Amino acid sequence: MLWRLLKFASLALLAAGLAGQLQAADSETRLRWFNRAALPGFLGLSAAGWMMAKTLGVSMGEPWISATLLLSLLGLWGMLRCAVRAPSLLSPALSMTGLLASLGLMVLRPTQSLVIGVIIALAAALGAGLAASSPKGGQAATRAVS
């Protein structure tokens, strides 16, 4: 139960880091959100997920676990890319796709490759759509001030 609580708290911290980055007006603030929320959330999520798998006796070789780990790294890379580069559509799309796909795989725990592929495709479509509709580099903040 403790590991599950840590896992969901870490997931919330990771999502908060992504949301903070998408709303930040400058690169310094985006990097601060990455360092203070997204990275600790990712590390807590990985540690708690590993401990849950060990506690429940689930093999780390399960396809959904491997895909979750890779997609989480993709999401983290997108967040780091967003923090150190000028805002573009690719960075938030990678971040949201990784976060949504790994969340879907953690919840559903599919065993068939086709289902894993469908979850990833749906997360990619939703992540790209959300990234396209998010404010770019603080444009919403500057519009609200003027």
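The structure is a predicted model, in which local features need pLDDT of at least 70 and side-chain atom pairs count only at pLDDT 80 or more, whereas totals for chains, interfaces and linings use all residues. Residues are numbered from 1 along each chain as its sequence is written, and side-chain values use heavy atoms, with hydrogens and water left out.

The pLDDT, which is the predictor's confidence in each residue on a scale from 0 to 100, has a mean of 86 over the chain, and 92% of the residues reach 70 or more. Confidence is highest in helix 2, at a mean of 92, and lowest in helix 6 (residues 139-145), at 41. The pLDDT stays below 50 over residues 137-146, a stretch that has 7 contacts in the model beyond near neighbours in sequence; a contact here means heavy atoms within 4.5 Å.

We can now turn to the interior. In soluble globular proteins, nonpolar side chains tend to be buried together. A nonpolar core is taken as a set of buried Ala, Val, Leu, Ile, Met, Phe, Trp, Tyr and Cys residues joined through side-chain atoms within 4.5 Å. Buried means under 20% relative accessible area, exposed over 50%, and partly exposed in between, with a 1.4 Å probe and protein chains only. The largest such core has 16 residues, of which L14, L18, F34 and M79 touch the most other members. Two or more residues of this core come from each of helix 1 (2-23), helix 2 (27-56), helix 3 (63-84) and helix 4 (90-108). Leaving aside residues up to four places away in sequence, F34 touches Q21, L39, P40, L76, M79, L80 and A83. Another core, of 9 residues, lies apart from the largest one and includes I65, L105, I119 and A123.

Charged pairing comes next. Side chains of opposite charge can pair when their charged atoms come close. With a salt bridge defined as a side-chain nitrogen of Lys or Arg within 4 Å of a carboxyl oxygen of Asp or Glu, the count comes to 1. E28 and R32 form this kind of pair, at 3.0 Å from N to O. The two residues are 4 apart in helix 2, and so are separated by about one helical turn. E28 is exposed, at 54% relative accessibility, while R32 is partly exposed, at 32%.

On the surface, L31, L80 and V84 make up a nonpolar patch with about 240 Å² of accessible area together. V84 belongs to helix 3 and is exposed, with a relative accessible area of 55%.

A few individual positions complete the picture. A15 is partly exposed at 32% relative accessibility, and its C-alpha atom is separated by 7.7 Å from that of L99, 84 residues apart along the chain. S133, in helix 5 (residues 113-133), is exposed at 57%; the C-alpha atoms of S133 and P40, 93 residues apart along the chain, are separated by 26 Å. Finally, R109 has a positive phi of about 50° although it is not a glycine. R109 is found in the loop between helix 4 and helix 5 and is partly exposed, at 36% relative accessibility.

Conventions
Patches are made of residues with over 30% relative accessible area and no salt bridge: like charges are joined within 9 Å, nonpolar side chains (Val, Leu, Ile, Met, Phe, Trp, Tyr) within 5 Å. Accessible areas come from the Shrake-Rupley method with a 1.4 Å probe; for residues, only the protein chains shown count as cover.
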